[in-house]
Amino acid sequence: MSNPGKREQFGSRIGFILASAGAAVGLGNIWRFPFVAGENGGAAFVFIYLILVFAIGMPLILAEFVIGRRGQGDPVGSVKRVCGKAFAPLGGMGILAALVILSFYAVVGGWTIKYALDAIMGALGTDVASAGGAFEAFIASPFPVIGYQALFMLGTYLIVAKGVGGGIERFCTIFMPLFFILLIVLAIRSMTLPGAAEGLAFYLKPDFSKVNSSTILAALGQTFFSLSLGIGGMLTYGSYLDRKEPLVGPAFQICFLDSLVAFISGLVIFPAVFAFGFEPSAGAGLTFVTLPVVFGKMPGGAIFAILFFVLLLIAALTSSVSLLEVGNAYLVDERKWSRGKASAVLSGATFLAGVPSAISLGGGLNIAGKSFLDTMDFLASKVMMPLGGMGFALVGGFLVYKVAKEELPASVYPVWRFLCCFVAPVAIAWIFFSGLKW
Ligand code: PHE
């Protein structure tokens, strides 16, 4: 840091927007959104999703930005200063949730490194049965999985250790634009395949008859996960933003970019999957089994497979650095550790905490029928994120509204407050209670 004693900051507005959009854009946009949309009414789902992103997601991002920017610190320090000491556990839970997510996110991040390397070597499977078998065998083999997980954590550490401007911002300003270019190239390739129309119809044909409360619930859960809400990540990034910078425009742009990436991912996946007559499956199976086989069948498929896994790796890394930065900021701001020491210790600890997740898919480590990895995912996405989001909405709307009034434009403030006080808490309570199925 060139400015000893002064807190780090993002160097530019665009750097801040790309870093925050990078935090939001992740595996969830690529492997989860398209499938959830396809199954829940296509364009009808996309429409509902967009309403939720802007009516609930954006106000929550703003609540975190306001607290972080005013508090000038990590989630614990900022919440203490802006909301009062009694609320520090809200920040603490965010940090813990971020580390829990990172512990298993790095395992899946490691898989993307392995598949990117396989794509480069031309070693991806050519039929679904053998590719599926190879994937199952790979994720059940502890040593390679832990090795790739360690490599992914090392990458995350190296970026975070270099600082906010020189590490996170620089990485995201180079790689997020590359990410968009790759995504668009892949979407064009996919949509120009013969037979692509059937996939587009599956993905987007509006079917309002499929819209019911469970569709809305699915859209709400996806909004939360996709925008990385409720864990203090946006709070931490907001704390590195200059006082003079506006908050509303960037929050809108982050929501817009995140939704756009999710939407375009569907244009990559479904046309290609249908053009080659495959069944669209969900989650890891789609990403690591079906898609590699689909790429193998396209003209020029080897190149497109490499592009796809590089794309996935970028998405995962720009999210993982935000997860590490939440706890890192705490050690630096509150505990006065050096950034280098904080990021090294925290990456090491998170790596170790992820080892049970890494070895759990071999079938050994189950908790009440779920693998350890799925249990961590459940705990973080279904319990901690909604609780944290509820906390930030309520604290924002009922406690720090005076600060928000100063930070937000007069035209936005009343709408924001209404959404935080009433709409977001009710919606979150609803996801929490109806979504809480083991
Ligand atoms: N938003 C990320 C995704 O869509 C996941 C994530 C959640 C990242 C929480 C950081 C924090 O994949």
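This is a predicted model: local features need pLDDT of at least 70, side-chain atom pairs count only at pLDDT 80 or more; totals for chains, interfaces and linings use all residues.
The biggest contribution, three residues, comes from α2. Of the 15 residues around the ligand, the nearest are A24, L27, G28, F225 and S226.

| Residue | Protein atom | Ligand atom | Distance |
|---|---|---|---|
| A24 | backbone N or O | nitrogen | 2.8 Å |
| L27 | backbone N or O | oxygen | 3.0 Å |
| Y105 | side-chain N or O | oxygen | 3.0 Å |

On its own the ligand has 320 Å² of accessible area, and the protein covers 100% of it.

**Helix α4**

Helix α4 spans residues 75–83 and is largely enclosed by the rest of the structure, because seven of its nine residues are buried. The buried residues are P75, V76, G77, S78, V79, V82 and C83. Among the elements covering them are α3 (43–71), α5 (88–121), α11 (233–239), α14 (301–333), α16 (372–399) and α17 (401–407). At the start of the helix, a side-chain oxygen of D74 comes to within 2.9 Å of the backbone nitrogen of V76. After the helix comes G84, with a positive phi near 115 degrees.

**Residue T215**

T215 belongs to helix α10, residues 213–226. Its relative accessibility is 1%, so T215 counts as buried. The T215 side chain reaches the backbone nitrogen of N212 at 2.8 Å. Leaving aside residues up to four places away in sequence, T215 touches N40, F45 and K210.

Key:
Residues are numbered from 1 along each chain as its sequence is written. Side-chain values use heavy atoms; hydrogens and water are left out. Helices (H or I, at least four residues) and strands (E, at least two) are DSSP runs, numbered from the N terminus. Buried means under 20% relative accessible area, exposed over 50%, partly exposed in between (1.4 Å probe, protein chains only). A polar contact is a pair of N or O atoms within 3.5 Å; within protein, one must be able to donate a hydrogen and the other to accept it, and residues adjacent in sequence count only if both atoms are side-chain atoms. Contact means heavy atoms within 4.5 Å. A residue is near a molecule or strand if one of its heavy atoms lies within 4 Å of it. Accessible areas come from the Shrake-Rupley method with a 1.4 Å probe; for residues, only the protein chains shown count as cover.
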